[in-house]
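Please look over the sequence and the model, then read on.

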Amino acid sequence: MLTIKLPQIFRVHQVPRIFWEDGIMSGYRHPKSSALDCVLSSFQMTNETVNIWTHFLPTWYFVWRFLVLSSSLDFCQEPYHWPLLIYLLLVCLYPFASSCAHTFSSMSVRARHICYFCDYGALSLYSLGCAFAYGAYTMPDHWVSGVLHHYFVPVAAFNSFVCTGLSCYSRFPELEHPRLSKVLRTAAFVYPFLYDNIPLFCRLLFCFWSNCTWNEAMAGYCYHLLFALLTGFLFASHLPERLAPGRFDYIGHSHQLFHICAVLGTHFQLEAILCDVCSRRTWLQDRLPAPGLPGTFGTAGLAFLGNVAIIGAFTSALPRAPGSFVSPPSVPTEAGRHMMLWGEQLGCKGLWGPSRPGTPQYSPPPPNGGRIG
């Protein structure tokens with residue numbers, strides 16, 4: 001009878017420092033897992049399991065929404081819907097890329113970097129998809145056909161390059177300068193978010209000032225912004241696990257909540273955009289020419305190729321990246337000191353074996369590939 005052995009789970013002191021997560025003390029997978037072990041680990045409780053499923057399942061929800069809309073909207077023959085098509089495709093892409101990144105990031109240090117490079121690229125392209133949808137359907141009435149409207153999507157395409165490049169680069173100083181790495185990565189995603197939402201912010205402000213009619217689209221955008229703010233807060237704060245390291249290792253840590261808020265925000269954003277697509281169609285088509293192939297699929301294709309090239313460039317630079325080689329740190333970060341302290345309090349005292357005072361020593365997992373027995 002064929003027996004499948006689930007991969008073994010490790011504590012923080014048993015994996016290289018590049019795999020550490022703030023406040024997460026256990027639930028780590030073998031740092032050199034096979035692809036099969038990575039897939040199997042998604043069916044057992046690790047500190048990545050909920051991360052995987054909170055984006056894998058929503059991927060199929062968005063695919064289902066896309067298929068349903070495809071049956072009622074003519075994406076091929078109606079150029080008016082082309083920006084919506086691009087947005088929907090990228091909405092399906094980013095949670096799938098995130099789920100794959102969390103699934104296969106424990107195959108090696110190099111694989112971990114590459115997985116998250118692709119994750120960052122997908123998020124950058126999603127931000128471009130938002131710009132396509134906002135530029136086509138959400139722009140305030142008095143901005144339509146203006147200068148900002150004309151250059152809105154091309155600038156967003158350039159922003160996607162900045163976002164991918166800056167976020168990929170942020171992985172290089174991750175061990176030596178973790179705070180700088182976090183600031184760079186946060187800025188890489190906050191910047192395109194703020195730019196993409198300029199039309200939305202202004203439309204909401206004008207609506208409040210002029211006491212315009214409140215419709216489903218405006219309510220949906222408000223919910224989207226609320227969940228977007230929660231997403232950013234959770235990403236930057238690492239709460240609640242920072243307050244109680246070890247207690248939210250498997251369920252309830254910030255990255256899981258971050259995923260859930262991001263998906264909910266995207267859901268409300270999609271519903272609001274669909275309301276604008278229907279309710280503003282006649283008004284917009286009377287004032288704007290039909291979208292063309294160069295400005296829609298041409299721009300999206302060039303942005304995709306550019307982001308792939310950026311990811312390829314950073315991938316080729318990985319051998320020179322700090323953390324591409326597994327070695328114990330010489331000076332622990334503040335997060336590392338907290339992890340050592342909590343590790344000792346949770347029964348790991350004596351396992352660190354520091355080579356210098358206050359320095360944790362990496363204890364490699366057993367050489368049996370991380371399998372039980």
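How many residues of the lining of the second largest pocket are nonpolar, how many polar and how many charged? The lining divides into 13 nonpolar residues, 10 polar residues and no charged ones. Keep in mind that this is a predicted model.

**The second largest pocket**

This pocket holds about 580 Å³ of space. Its lining is made by 23 residues. Those closest to the centre are Gly-135, His-149, Leu-288, Pro-289 and Pro-291.

**The overall fold**

The protein chain has 12 helices and 0 strands. Along the sequence, the pattern reads α-α-α-α-α-α-α-α-α-α-α-α. The chain has 373 residues, and buried residues make up 50% of them.

**Enclosed space**

Rolling a probe the size of a water molecule over the atoms shows where empty space is left. Here the count comes to 2 cavities of 30 Å³ or more. The largest cavity holds about 120 Å³ of space. Among the residues that line this cavity are Val-15, Phe-19, Tyr-28, Asn-47 and Ser-105. Glu-21, Arg-29, Glu-48 and Arg-112 also belong to the lining. By class, the lining of the largest cavity has 3 nonpolar, 4 polar and 4 charged residues.

**Salt bridges**

Side chains of opposite charge can pair when their charged atoms come close. The structure holds 8 salt bridges.

| Asp-22 | Arg-242 | 3.6 Å |

Take the salt bridge of Asp-22 with Arg-242. Asp-22 lies in the segment before helix H1 (35-41), and Arg-242 lies in the loop between helix H8 (216-237) and helix H9 (254-279), so the pair ties together parts that are 220 residues apart in sequence. Asp-22 is partly exposed, with a relative accessible area of 26%. Arg-242 counts as partly exposed too, at 48% relative accessibility.

Arg-65 counts as buried, because its relative accessibility is 13% and buried means under 20%.

Asp-141 lies in the loop between H4 and H5, while Arg-280 lies in the loop between H9 and H10, so the pair ties together parts that are 139 residues apart in sequence. Asp-141 is partly exposed, at 47% relative accessibility. Arg-280 is buried, at 8%. Elsewhere, salt bridges that share partners join Arg-171, Glu-174 and Arg-185 into one network.

Which residues make the nonpolar surface patch of about 520 Å²? They are Leu-205, Phe-208, Trp-209 and Trp-214. Phe-208 lies in helix H7 (residues 198-210).

Terms used: Residues numbered from 1 in each chain as written. Predicted model: local features only at pLDDT ≥ 70, side-chain atom pairs only at ≥ 80, totals over all residues. Heavy atoms only, no water. Patch = residues over 30% accessible without salt bridge, like charges linked within 9 Å, V, L, I, M, F, W, Y side chains within 5 Å. Areas by Shrake-Rupley, 256 points an atom, 1.4 Å probe, with all protein chains shown as cover. Salt bridge = Lys/Arg side-chain N within 4 Å of Asp/Glu carboxyl O. Helix = DSSP H or I, 4+ residues; strand = E, 2+ residues; numbered from the N terminus. 1 Å grid on protein atoms, 1.4 Å probe; cavity = no way out; pocket = protein on both sides within 12 Å on 5 of 7 lines; lining within 4 Å. Points joined across faces, edges and corners; volume = space filled by probe spheres on them. Nonpolar A, V, L, I, M, F, W, Y, C, P; charged D, E, K, R; others polar. Buried < 20%, exposed > 50% of the residue type's maximum accessible area, 1.4 Å probe, protein only.
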